[in-house]
Amino acid sequence: MRRKIPGTDLLVAFETAARHQSFTRAAEELSLTQSAVCRKISALEDYLGVQLFNRVKKRVTLSSAGQIYARQVRENLKRIEHDTLSLMAHRNAGRVLELAVIPTFANRWLIPRLADFQSHNPEITLDLTTRNEPFMFIDTPFDAAIHFGDPVWPGAITEYLFGEEMVPVCTPQLLKGKTSVEPSDLEQMPLLHQSSRPDAWREWFEVAGLANVNAMGGSRYEVFAMLVEAAKAGLGVALMPRFFVLKEIASGELVVPCPQVLHNQRSYYLVYPEDKMESESLQAFCGWLREQARIYREQEAL
């Protein structure tokens, strides 16, 4: 049966015009004439039987249906482009594993160790994409994910990697000549927060024996990588997973002003769908990651 799909040239013209909210700018990006873009949009609307743009004088705006369709088309074109580039890049390079990873975890823990994996598995290519939240594997190209949270992921197998210790860090200059301070002193300093963990500072103060501390004030950052840079810039005290800032602590760029540690109840997990358990490439990566996690846990226990 013939698929009910409009031509990709029509979809590309629509997505470009929708992104710019302009047929003229779409024409410039696509190296077409404005009239050619208009014809493609009109042809797509005729094919769908739906008006995608509202045309008022010389301006165009997306209709309600156009807004929804633009998001859907954009994601599907991205998927096609990704798959095409992956095939072009790796057509003679052996096996490819698609991994969804937490941004700062990837930058600070996983990537520095990947040279070892590649040296033992040169025929496997790893493609890393950042994802912070759980997703359904069936709707994505991913073979596995690194997840922080609870060991629950529908339709997938979760393997424990390691837990997390959070410590406060700041520049030595913020301590004004002191090597350490009391937990109560941090109440008077600007606190830096990670957006998805709004209660972390309150929990840390409770561990330090200080209840009813107003720990909600201060700047918020979406990812820990931003938090590291904010702390290094002297903007305040950040509460960080220790392994994210080992390099800065070793160099003296950041210091731990108080020894109290917040042991997070959640952990890091390797996650992969049940139907990919037999993949040789995935099993090679899983085996390597288990060993790296074991070594790290032993180092942390010392």
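Modeller: The chain has a radius of gyration of 25 Å, whereas a compact globule of 302 residues would have one near 19 Å. That radius is taken over C-alpha atoms, and the globule rule is 2.2 Å times the number of residues to the power 0.38. This is a predicted model: local features need pLDDT of at least 70, side-chain atom pairs count only at pLDDT 80 or more, and totals for chains, interfaces and linings use all residues. Residues are numbered from 1 along each chain as its sequence is written, and side-chain values use heavy atoms, with hydrogens and water left out.

Biologist: What box do the C-alpha atoms fill?

Modeller: Roughly 70 × 50 × 35 Å, along the principal axes.

Biologist: How much of the chain counts as buried?

Modeller: 42% of the 302 residues. Buried means under 20% relative accessible area, exposed over 50%, partly exposed in between, with a 1.4 Å probe and protein chains only.

Biologist: And how many helices and strands?

Modeller: 10 helices and 12 strands. Both are DSSP runs numbered from the N terminus: helices are H or I with at least four residues, strands E with at least two.

Biologist: Aromatics next. How many pairs in the whole structure?

Modeller: The search finds 28 aromatic pairs. Rings of Phe, Tyr and Trp (its six-membered ring) pair if their centres lie within 6.5 Å; planes under 30 degrees apart are stacked, over 60 edge-to-face, the rest tilted. One of the pairs is Phe14 with Phe53, edge-to-face at 5.8 Å centre to centre, with 75° between the planes.

Biologist: Where do those two sit in the chain?

Modeller: Phe14 is in helix α1 (residues 8-20) and Phe53 in strand β1 (residues 53-56), 39 residues apart. Phe14 and Phe53 are both buried.

Biologist: What about Trp109 and Tyr296?

Modeller: Also an edge-to-face pair: 6.1 Å centre to centre, 85° between the planes. Trp109 lies in helix α5 (residues 103-110) and Tyr296 in helix α10 (residues 280-301), so the pair ties together parts 187 residues apart in sequence. Trp109 and Tyr296 are buried too.

Biologist: Which cluster holds them?

Modeller: Trp109 and Tyr296 belong to one aromatic cluster with Phe105, Phe148, Phe162, Phe224, Phe243, Phe244 and Tyr268.

Biologist: Is α5 mostly covered or mostly open?

Modeller: Mostly covered, with 6 of its 8 residues buried. Among them are Phe105, Ala106, Trp109 and Leu110.

Biologist: Which charges lie over ring faces?

Modeller: Lys4 lies over the face of Tyr47, 4.9 Å from the ring centre. The test is NZ of Lys or CZ of Arg within 6 Å of the ring centre and within 35 degrees of the ring normal.

Biologist: Switching to strands. What is the order in the open sheet of 5 strands?

Modeller: β9-β8-β10-β7-β11, with mixed pairing. Two strands pair if DSSP finds at least two bridges between them. The edge strands are β9 (220-221) and β11, each pairing on one side only.

Biologist: Why call β7 largely enclosed?

Modeller: Because 4 of the 5 residues of β7 (residues 165-169) are buried.

Biologist: How many bridges join β7 to β10, and how many to β11?

Modeller: 4 bridges join β7 to β10 (residues 237-241), running antiparallel. 2 bridges join β7 to β11 (residues 262-263), also antiparallel.

Biologist: What does Met166 face on each side?

Modeller: Its bridge partner in β11 is Leu262. In β10, Met166 stands opposite Pro241. Pro168 has Leu239 as its bridge partner in β10.
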